[in-house]
Amino acid sequence: MNLKSITNNFTKLFPGDFSGNLMQRQTPDVLFSTIEPADFDRTELIYFNEELSIEIGLGKLDNDENFLVAQNLPNNVKTYATAYAGHQFGNWAGQLGDGRAIYAGEIFREDHQTEIQWKGAGATPYSRHADGRAVLRSSIREYLMSEAMFHLGVPTTRALSLSKTGEDVIRDIQYSGNPQKEQGAVVVRTAESFLRFGHFELLSARKQTDLLKQLSDYTIEKFYPEINSENNPNQYIDWFQAICNRTLKMIIDWYRIGFVHGVMNTDNMSILGLTIDYGPYSMMDGYDLEFTPNTTDLPGKRYAFGKQGQISHWNLAALANAIFPLINNSEILEKILDDYGKRFWTEHDKMLADKFGFDEVLPEDERFFTEWQQLMQDLNLDHTLFFQNLEKPASEIKIDDFSNSFYRDLNENELKRLSNFIEKYQERKLKNKISETAALELMSKTNPKFILRNYLLFEAIQEAEKGNYELFFKLKEALQDPYENRFPEFNQKRPSKYDNQTGCSQLSCSS
Ligand code: AMP
Ligand code: MG
């Protein structure tokens, strides 16, 4: 690998704590602390994503397996962890930070920057009484889902490798006082930047306005080419608008494919609008606006599927508060946030129109979409399979085909509702100005044929824990072409034996 080209620009630009002290603590005034990764002596590489490595400028693996587990690093790689803060479940949580993510630095290909991090390579000053380790289970989940999102066309961080550390890690998966040994693992992940809303919230809370401005200028200059930063008195306003635009695109994509993040705390919101921090996430099987996979979130269901739009708005408001000292104009920020709320529904309708194969959103579609949502919710139909059943010339759609998307027996009344809706859909589609072929093409690139369902991950993890990676590799194949039906065996509803299985429909944050 091209390890000599890894730079440490971030650590040169911003104030840091270079003591190397690993003690968990508050690090006032600084934005990062240098640290040493843990020692691992029986590591095993499971998979290296060569395509991504070449794309970002790191090249082929050669004999650099050690780098992928943060061992024997070359001198130019200066490892560090950053401090950030955040609102967790709606409450201010103060300093959080990279508790088990460690930065290697940046790599450039032409002028495109990619940051590199290990997840699970050891404790940092921000580990908050935890061990800084990750287990194989959660690392497989992060590896596969971030790559699946990328291939689905959703903005996301990516995964470069999956390795085992050879260490045992103790986790109490269900928080039931029943801790067990799990296998330790490390994922190397990449992103143009891992900066989060929480980094800006931290500096704002500490009243470090100069540093807040410096970090904002850095972010705009490096990652927001759409912002004119020269002699632009509105540059921070334009920037906030651009953050809203990117976040909106990401959230609409989540709704398009049926993704539930599970922990949309502001420390898990990327300032670039990338999906980040794959924990108790889930693809949705049966449609349910109230669905959250996160067992920690069950009482309030703050981060349920149907709330993600609202929550992204809440999180953007928290960010607006954080960068307020740069803007000092609450009216304009409120206006942008108001527009976000309205644009969410406009974009959501456009996205649904694409899924249904409509060339435009007609005034009457609002009712049609509401009726669709109510039908899906009441009948709990499989979100992904439902749209695939529509993906044929409208006159050929058959009600019987939809039984592949039922999670329970439907009564006569419910079947009637479904068939009435299909009839309405057929009538509505006649109003299209584009040809049936063009409509089907639109549907085919909008509606996935492969989604990484939780039960598939669950099975792949069970096998991998026994040393068998066959399903992991097969899923890795399948997720590369999510709009093709290359793996019909995965293009099915969740088998009923998994309905109440922990790890399939419900997940804890333990990772
Ligand atoms: P999250 O669940 O992503 O919102 O994480 C909240 C905070 O806990 C972040 O600062 C994480 O880095 C930290 N964290 C989570 N798990 C661990 C772990 N095993 N060791 C150290 N820090 C952790
Ligand atoms: Mg996090």
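Which pocket is the space taken by ligand 1? That space turns out to be the largest pocket. The model is a predicted one, so to speak of local features takes a pLDDT of at least 70, side-chain atom pairs count only at pLDDT 80 or more, and totals for chains, interfaces and linings use all residues. Residues are numbered from 1 along each chain as its sequence is written, chains are lettered from A and ligands numbered from 1 in the order of writing, and side-chain values rest on heavy atoms, with hydrogens and water left out. A pocket here is an open set of points on a 1 Å grid over the protein atoms alone, with a 1.4 Å probe fitting and protein on both sides within 12 Å along at least five of seven lines; a molecule sits in one if more than half of its atoms lie within 2 Å of its grid points.

Around ligand 1 there are 17 residues, of which Gly97, Gly99, Arg128, Gly132 and Asp267 come nearest (near means a heavy atom within 4 Å). Backbone atoms do some of the touching: an N or O atom of the Gly97 backbone lies 2.6 Å from an oxygen atom of ligand 1, and one from the Gly99 backbone lies 2.8 Å from an oxygen atom of the ligand. A polar backbone atom of Arg133 is 3.4 Å from a nitrogen atom of ligand 1. Taken alone, ligand 1 exposes 490 Å², and the protein buries 81% of that (Shrake-Rupley areas, 1.4 Å probe).

Then there is the metal. Asn268 (OD1) and Asp277 (OD) coordinate the magnesium ion, ligand 2, at 2.0 to 2.2 Å; donors are N, O and S atoms within 2.8 Å of the metal (3.2 Å for Na, K and Ca), and with water absent the site may look incomplete. Both Asn268 and Asp277 are buried (under 20% relative accessible area, with exposed over 50% and partly exposed in between; 1.4 Å probe, protein chains only).

Asp17 belongs to strand β1 (residues 16–17), strands being DSSP E runs of at least two residues and helices H or I runs of at least four. Asp17 is buried at 18%, and its side chain makes a polar contact with that of Arg25 at 2.8 Å (N or O atoms within 3.5 Å, one able to donate a hydrogen and the other to accept it).

Most residues other than glycine have a negative phi. Ala70, however, has a phi near 60 degrees; Ala70 sits in the loop between α2 (50–56) and β4 (80–82) and is buried at 6%. Asn380, with phi near 55 degrees, lies in the loop between α9 (365–379) and α10 (383–390) and is partly exposed at 24%.

How values were computed:
On a 1 Å grid over the protein atoms alone, a cavity is a set of points where a 1.4 Å probe fits but cannot get out, and a pocket is an open set with protein on both sides within 12 Å along at least five of seven lines; lining residues have an atom within 4 Å of a point.
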